[in-house]
Each structure stands twice: as structure tokens, then as C-alpha cells.
Amino acid sequence: MSCAATGRCRDCGTRRSDCRSSDGIGDIAGGLLAGYGLVLAARLRAPVPILMRMLSNIAIDTIGGVIPLLGDLFDTQFRANTRNLALLERWLDDPHGSRRQSVLVLLGVAVAFCALLTLTV
């Protein structure tokens, strides 16, 4: 029987309403595990702008994935670990260029965030 007919989740067997309340747990756990890559980058002595950009990728992936239904679509497109690995490899290949690019990206994010806060007030 389908889960719509039985009212039970196909994956865990609980009632569908109970299962939906725990949707974000996997995304939060994934965000915590992605933090290990951040620790490795810090051990490699990556500069602060690179680490901050990696942290923002993890935060965006975790927060975006927690959103019910849309989070599943978001998870298929935004991969924080892949982005962070590419960012770290770029830094190892070209330390000065990737650091400058990360500073510019972080400044852009900060300006966008401030503009968003201003619009909501």
C-alpha cells in the first residue's frame, strides 16, 4: 500500500505528520559533518576570508535544506561540500587570487544582507 493510503511514512513507518516534523534533522546533521571540512581548512591555515566563505556555504546549505518541500529541491542544486572543496583547491593553487575573490564575495553578501535588513524595517 502507498503511504497516502496507510497514512504512514514509507521510510520510517511512523505517521506522516510525525515524520514531517523531523525533516530538518538530516540537514542539520549534514551541516555539522560539513564543519569537519572547515576544521581541515583551518588546520591547513587557510585565511579567514576563505574560512568565512566556507562557513557561509555550510550555513546556506543547512538553512536552505531545512525549508519544507523546497529544501529538497534546494539540496539537489546547492552542494556546500563540493563548493568548499573547490574553494580550498583554488586557494592552494592561487592563494592571493582566491583570497581577494573571497573578500569581494563576502563584501557582496554583507551589502545584500544589510539591504535586506533595511527593506524589512
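The legends below describe several views of one predicted model.

**View 1**
The chain has seven helices and zero strands; helices (H or I, at least four residues) and strands (E, at least two) are DSSP runs, numbered from the N terminus. Along the sequence the pattern reads α-α-α-α-α-α-α. Residues are numbered from 1 along each chain as its sequence is written, and side-chain values use heavy atoms, with hydrogens and water left out. Because this is a predicted model, local features need pLDDT of at least 70 and side-chain atom pairs count only at pLDDT 80 or more, while totals for chains, interfaces and linings use all residues. Here pLDDT is the predictor's confidence in each residue, from 0 to 100. The chain has a mean pLDDT of 83, and 81% of its residues reach 70 or more. Confidence is lowest in helix α2 (residues 16-20), with a mean of 50, and highest in helix α6 (residues 80-93), at 94.

Of the 121 residues of the chain, 26% count as buried. Buried means under 20% relative accessible area, exposed means over 50%, and partly exposed lies in between (1.4 Å probe, protein chains only). Contact means heavy atoms within 4.5 Å. Among contacts in the chain with a separation of 6 or more, 52% join residues 24 or more positions apart.

**View 2. The largest nonpolar core.**
A nonpolar core is a set of buried Ala, Val, Leu, Ile, Met, Phe, Trp, Tyr and Cys residues joined through side-chain atoms within 4.5 Å. The largest one in this model has 11 residues: Ala34, Leu38, Ala41, Ala46, Ile50, Leu51, Met54, Ile58, Leu87, Leu88 and Trp91. Helices α3, α4 and α6 each supply at least two residues of this core. Helix α4 gives the most, with four residues. In soluble globular proteins, nonpolar side chains tend to be buried together. Ala34, a member of the core, is in contact with Ile58 and Asn81, leaving aside its neighbours within four places in sequence.

**View 3. Helix α4 and what covers it.**
Helix α4 (residues 48-66) has 19 residues. From its first C-alpha to its last it reaches 27 Å, close to the 27 Å expected at 1.5 Å a residue; the expected span of a helix is 1.5 Å times one less than its number of residues. Its buried residues are Pro49, Ile50, Leu51, Arg53, Met54, Asn57, Ile58, Thr62, Gly64 and Gly65. What covers them includes α3, α5 (70-77), α6 and α7 (95-120).

**View 4. Asp27 and Thr62.**
Asp27 lies in helix α3 (residues 25-43), and Thr62 is found in helix α4. Asp27 is buried yet has no salt bridge, a salt bridge being a side-chain nitrogen of Lys or Arg within 4 Å of a carboxyl oxygen of Asp or Glu. For charge, Lys and Arg count as positive and Asp and Glu as negative; His and the chain ends are not counted. The nearest side chain of opposite charge to Asp27 is Arg79, 8.3 Å away. Leaving aside neighbours within four places in sequence, Asp27 is in contact with Thr62, Gly65, Val66 and Asp75.

Thr62 counts as buried because its relative accessible area is 16%. Not counting residues up to four places away in sequence, Thr62 touches Asp27, Ile28 and Gly31. Thr62 and Asp75 are 13 residues apart in sequence and 8.8 Å apart in space, C-alpha to C-alpha.

**View 5. Ser102 in helix α7.**
The 26 residues of α7 should span 38 Å at 1.5 Å a residue, and its end C-alpha atoms are 38 Å apart, which agrees. Gly97, Ser98 and Ser102 are buried in this helix, and the buried residues of α7 pack against α4 and α6. Ser102 has a relative accessible area of 0%, so it counts as buried. Not counting residues up to four places away in sequence, Ser102 touches Pro49, Ile50, Arg53 and Leu87.

**View 6. Two loop residues with positive phi.**
Arg45 is found in the loop between α3 and α4, and Leu69 is in the loop between α4 and α5. Phi of Arg45 is near 65°, a positive value in a residue other than glycine. Leu69 has a positive phi of about 60°, although it is not a glycine. Arg45 counts as exposed because its relative accessible area is 71%. Leu69, at 59% relative accessibility, also counts as exposed.
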